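Open the model in your viewer and get ready to select residues by number. We will walk through it one stop at a time.

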Amino acid sequence: MKDESPRESWRDATKLVREGMSRSPFSETSEALFMTSGYVYGSAEEAEEAFSGARQRFVYSRYANPTVQMFENRLAALEGVRFCKGTASGMAAVFAALACQLRAGDRVVASRALFGSCQYVVAEILPAFGIASELIDGRDLGAWEAALSRPAACVFLETPSNPMLEIVDLAAVCRLARAAGARTVIDNVFATPLLQHPFTFGADIVVYSATKHIDGQGRSLGGAVLTDDQDYLDNQLVPFLRNTGPALSPFNAWLLLKGMETMELRITRQCANAGAVAEQLAASAAVKQVHYPGLVSHPQHDLAMGQMTAGGTVVTFDLPDGKAQAFRFLNALATIDISNNLGDTKTLATHPATTTHQRLTPEERATLGIRDGTVRLSVGLEHIDDLREDLARALLAARN
Ligand SMILES: *Cc1c(COP(=O)(O)O)cnc(C)c1O
């Protein structure tokens with residue numbers, strides 16, 4: 001395989017199309033799909049050298065695979081760090097990024113506004129292995145300071161958060177964590193690898209669900225852990241991944257590579273559509289409140305725009321009359337689909353209180369700002385006028 005030399009000067013859009021390409025002797029234009037679990041050796045000596053580490057080569061696809069490696073190299077270049085490991089899903093990435101570095105007796109501090117499964121990992125799974133966790137209001141720097149005044153191994157957060165799009169001050173929290181000797185793990189899914197680069201704010205580790213905007217077409221699960229920390233990579237992450245096996249399938253890695261080629265176009269249009277939808281909803285008397293970091297009315301708008309280059313592709317809003325009205329709204333949508341997925345080309349709407357956050361108690365949902373009338377929209381690539389018409393019609397139909 002011939003490695004194309006990475007070019008430092010490439011802009012994101014170019015990296016997304018060209019970075020990480022490794023051509024086989026067939027000189028293909030499109031990244032090849034190496035659908036193989038194993039690799040053969042020319043001699044017994046060659047196999048011995050591969051296993052001793054004397055010869056760098058592929059030995060087994062649970063460890064590494066050429067197509068998976070192209071995906072990893074492309075995403076690492078986009079984030080400007082040296083190391084990326086692909087995983088079977090976003091949750092596999094989150095769990096590996098945390099579990100590989102934590103030991104019984106350690107303590108994790110996390111923002112409480114987390115994706116549902118991430119909240120479960122931090123609040124339920126890690127404590128079952130003797131790892132204490134504390135969930136705090138991620139918007140409150142005083143709460144981070146207080147929580148980090150006691151020993152902590154690790155900080156975990158997402159920004160913007162699902163589904164209320166709360167913002168955490170990345171530079172400030174990374175600084176506090178570093179001073180406290182805690183590693184930061186940032187779930188950057190809602191921001192996408194184009195709108196926010198947590199490493200530039202001091203993050204140690206970034207995780208993605210590639211299922212969302214990276215594939216972007218609702219086809220495949222996938223995830224990734226990124227870092228520039230060689231010690232973390234060599235002594236914690238890689239041994240954990242190799243031996244527990246949440247490997248990314250070569251086929252899915254290939255879909256993700258193809259997804260990345262159109263990502264800049266998709267994210268640009270989806271952010272524009274989301275901004276227009278947010279303004280439409282904010283101007284509607286039928287809507288109680290709109291949550292979108294790109295709107296000046298978002299209480300953390302300035303912070304958001306200081307660390308993101310656009311407002312993102314998700315818009316959340318509250319209808320005044322609770323679950324019944326939210327359900328009438330969802331059921332009246334004709335173009336937009338009801339789905340809990342996000343980052344797709346298709347605009348998707350969900351009712352967090354009865355789907356993604358159903359497991360929480362009403363009190364826990366209230367603490368997170370999730371109301372019975374809250375609806376989350378993942379805005380896609382349809383023509384903005386078709387989205388506007390569908391939303392206006394459904395808002396009208398949902399009136400009392
Ligand atoms: C979807 C998502 C995950 C989990 O990713 P999967 O690919 O579904 O496993 C984690 N964090 C956030 C913020 C997500 O949106």
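**Before you start**

This is a predicted model, in which local features need pLDDT of at least 70 and side-chain atom pairs count only at pLDDT 80 or more, while totals for chains, interfaces and linings use all residues. Residues are numbered from 1 along each chain as its sequence is written, and side-chain values use heavy atoms, with hydrogens and water left out.

**Stop 1: a sheet of 7 strands**

Strands of a sheet pair through backbone hydrogen bonds, either parallel or antiparallel. Here, two strands count as paired if DSSP finds at least two bridges between them. Follow the order E3-E9-E8-E7-E6-E4-E5 across this open sheet, whose pairing is mixed. At the edges are E3 and E5 (132-136), each with a single partner strand, so one side of each has no neighbour in the sheet. On average, neighbouring strands here are turned by 20 degrees against each other, direction ignored.

Now select residues 107-111, which make up E4; this strand pairs with E5 in the parallel sense over 5 bridges. Which residue of E5 faces Val108? Look for Ser133, which stands opposite Val108.

**Stop 2: helices on that sheet**

Select H3 next. This helix packs on the sheet and touches E3, E8 (205-209) and E9 (223-227); contact means heavy atoms within 4.5 Å. The direction of H3 makes about 130 degrees with that of E3. Such angles run from 0 to 180 degrees between N-to-C directions, and axes are lines fitted to C-alpha atoms, for helices over the stretch in contact.

Then pick residues 170-179, helix H7, which lies across E6 (154-158) and E7 (183-187) and runs at about 170 degrees to E6.

**Stop 3: two helices side by side**

Two packed helices are described by the angle between their axes and the distance between the axes. Show H3 together with H10 (residues 250-261): their axes come within 8 Å and cross at roughly 35 degrees. The crossing is left-handed, a term for a near helix turned anticlockwise from the far one by less than a right angle. Residues of H3 that meet H10 include Val68, Phe71 and Leu75, and among their partners in H10 are Trp254, Leu257 and Met260.

By class, this contact has 11 nonpolar, 1 polar and 2 charged residues. In this scheme Ala, Val, Leu, Ile, Met, Phe, Trp, Tyr, Cys and Pro count as nonpolar, Asp, Glu, Lys and Arg as charged, and the others, Gly among them, as polar.

**Stop 4: the largest cavity**

How many cavities of 30 Å³ or more does a search of the whole structure find? There are 3. A cavity is a set of points, on a 1 Å grid over the protein atoms alone, where a 1.4 Å probe fits but cannot get out, and lining residues have an atom within 4 Å of a point.

The largest cavity has a volume of about 120 Å³. Select Arg62, Tyr63, Lys85, Gly86 and Ala247, the closest to its centre of the 15 lining residues. H3 (66-79), E3 (83-87) and H9 (230-244) each supply at least two lining residues, and E3 gives the most, with 3. The lining divides into 7 nonpolar, 4 polar and 4 charged residues.

**Stop 5**

Most residues other than glycine have a negative phi, and most peptide bonds are trans. Zoom in on the loop between E6 and H7, where you will find Pro160 and also Pro163. The peptide bond from Thr159 to Pro160 is cis, with omega near -5 degrees. The bond from Asn162 to Pro163 is cis too, with omega near -5 degrees.

Finish at Ser27, a residue other than glycine whose phi is positive, near 60 degrees. Ser27 sits in the loop between E2 (22-23) and H2 (44-52).

Definitions and conventions: On a 1 Å grid over the protein atoms alone, a cavity is a set of points where a 1.4 Å probe fits but cannot get out, and a pocket is an open set with protein on both sides within 12 Å along at least five of seven lines; lining residues have an atom within 4 Å of a point. Grid points are joined across faces, edges and corners, and a volume is the space filled by probe spheres set on the points. Helices (H or I, at least four residues) and strands (E, at least two) are DSSP runs, numbered from the N terminus.
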